[in-house]
Amino acid sequence: MGSLIRLFGLALSITMLIMFSPVAGHNYDPYTDKPEMTSHGGQMLTGTINLAIVWYGNCGKKIKKTMRNFIKSLDFAGGRPRLQPKVVSWWEMVESYQSLMPEAKPGKPPKIYVKVAKELSEKTCTLGKVLILQHHIQKLIDHVTQGDPNVIPVIVTARDVTIQGVCHGRCADHLLTEPPNSRPFIIVGNPEVECPGECGWPFHAAEFGPKGPVLKPPNGDMAADAMVVSFASALADTVTNPMRDGFFHSFYADQLGPSGVCKGIFGRGAAPGNPGQVQSDPRTGGNFNAYGFKNKRFLLPAVWNTKNGTCWTG
Ligand SMILES: *[C@@H]1O[C@H](CO)[C@@H](O)[C@H](O)[C@H]1NC(C)=O
């Protein structure tokens, strides 16, 4: 009898643990949970952000061009005014996190400029085709930065290259190098060969979960357009939470950034498997939700709106 009670007690405490542990009991659901982004006291990146990009493997012109055009679009306020919304408005939402900082001055938050300061092509994959974070990625970071602490390394991979941990729940990420000289960096995986059904969605049928409409990539390339989505999310995260003590949604074990809390949402009416309402280019059929540099079109992930706490896409 005593052992039965103990067994019951054990079962009960395991159940309680599962019910009340934020990780095991309930995963964050961007469609139904109300996200709450809060500052944890750390700084944001401000002013001019200089990216140092490593194109690892034969990334191809399309990926390079699409990503470069997206970066140029972040502060491109020109173009035909009637073509709305603009990438620059999406970026202004990221910039608006500055006004939630304790020392923020009233008024419009200052611009945050993003420039490509350095580029390095490792076409021949000198470190092999499977990149391990602490080992290979660190080497690439050292190589591209040449000791310059004022650049943000971005490692972008070709279709036949794998980055450790990418594809399994993440498509790009903002990470920190090992202490004592921790610095933020970004990895961007290529979904084309390894995980199109996970990281190529919504331009490829989803591998998991409910099936919904598949969108047409606005720049005509599933991998390039999906990499813009995941890079945009990692960039917003890097700017608002560079050292992992800035803005994030804190209730869950994994830190979720401005787009992380809105994952899977690209327009009104988004639901599991359905990216939501987006525009369609009458000429190409490409789906997008933002216009950028030279009237280029991009699909960008929703970001948490600092004004009313909803997921916003412009
Ligand atoms: C939140 O603000 C955006 C504009 O910034 C607006 O389009 C949206 O309707 C607002 N949502 C709510 C629930 O107030």
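User: Which strands does helix 7 lie across, and at about what angle does it run to strand 8?

Analyst: This is a predicted model, where local features need pLDDT of at least 70, side-chain atom pairs count only at pLDDT 80 or more, and totals for chains, interfaces and linings use all residues. Residues are numbered from 1 along each chain as its sequence is written, and side-chain values use heavy atoms, with hydrogens and water left out. Helices (H or I, at least four residues) and strands (E, at least two) are DSSP runs numbered from the N terminus, and angles run from 0 to 180 degrees between N-to-C directions of lines fitted to C-alpha atoms, for helices over the stretch in contact. Helix 7, residues 222–240, lies across strand 2, strand 5, strand 7 and strand 8, and its angle to strand 8 is about 170°.

User: Nice! What is the strand order in the open sheet, and why do strands 3 and 7 each have a side without a neighbour?

Analyst: Two strands pair if DSSP finds at least two bridges between them. The 5 strands show mixed pairing, in the order 3-2-5-8-7. Strand 3 (113–122) and strand 7 (172–176) each have a single partner strand, so one side of each lacks a neighbour in the sheet: they stand at the edges.

User: What is the average twist from one strand to the next?

Analyst: Let's step across the sheet of order 3-2-5-8-7. From one strand to the next, the twist averages 25°.

User: Which residue in strand 8 is the bridge partner of Ile-155?

Analyst: Strand 5 (residues 151–157) and strand 8 (residues 184–188) run parallel and are joined by 3 bridges. The partner of Ile-155 in strand 8 is Ile-187.

User: Where is Pro-85, and what is omega for its bond with Gln-84?

Analyst: Pro-85 sits in the loop between helix 2 and helix 3 (87–95). Most peptide bonds are trans. The one joining Gln-84 and Pro-85 is cis, with omega of about -10°.

User: What is the phi of Cys-167?

Analyst: Cys-167 is in the loop between strand 6 (162–163) and strand 7. Although Cys-167 is not a glycine, its phi is positive, at about 100°.

Conventions: Contact = heavy atoms within 4.5 Å.
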